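Colleague: I would like a close look at one part of this model. Please take the aromatic pairs and keep it brisk.

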Amino acid sequence: MTDSVGFWLFEVPNFLFAVAIYTLLGRYVLSIFFRPESDAVIWKVFCQITDPIVAAIGAITPRLIPPPLVVVLAIIWLMMARIGLFIAIRWLGFIPGSPS
């Protein structure tokens, strides 16, 4: 596999993970200022974008965890997945190592 394909194999999913993490972080910060039933457009947009991620994480999270913390757990899970992606791509040899 060429270096270019290896680069894109890592960078595209890495970028998508980063977008999801920062969007969830934005939703969490906005939840401090807006109630869940707020009519603010920015709040509704962030909720519509992140609801599928929060629902997926909520399905594997015990019901004992309050809903605002599910967003925090989603951020943590996505960070772990992003690190796992790096380790897997590095192990497969698609990311060049540092020169010795």
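What is the relative accessibility of phenylalanine 86, and as what does it count?

Modeller: Phenylalanine 86 has 39% relative accessibility, so it counts as partly exposed. (Buried means under 20% relative accessible area, exposed over 50%, and partly exposed in between, with a 1.4 Å probe and protein chains only.) The model is predicted, so local features need pLDDT of at least 70 and side-chain atom pairs pLDDT 80 or more, while totals for chains, interfaces and linings use all residues. Residues are numbered from 1 along each chain as its sequence is written, and side-chain values use heavy atoms, without hydrogens and water.

Now the pairs. There are 2 aromatic pairs by the rule used here. Phenylalanine 10 sits in helix α1, and phenylalanine 86 in helix α3 (residues 67-92). The pair therefore ties together parts that are 76 residues apart in sequence. (Helices are DSSP runs of H or I, at least four residues, numbered from the N terminus.) Phenylalanine 10 is buried, because its relative accessible area is 10%.

Phenylalanine 34 and tryptophan 43 also pair. Their ring centres are 6.5 Å apart and their planes meet at 35°, so this pair is tilted. Phenylalanine 34 has a relative accessible area of 26%, so it is partly exposed. Tryptophan 43 counts as buried because its relative accessibility is 6%.

Technical notes:
Phe/Tyr/Trp six-rings, centres within 6.5 Å; stacked < 30°, edge-to-face > 60°. Helix = DSSP H or I, 4+ residues; strand = E, 2+ residues; numbered from the N terminus.
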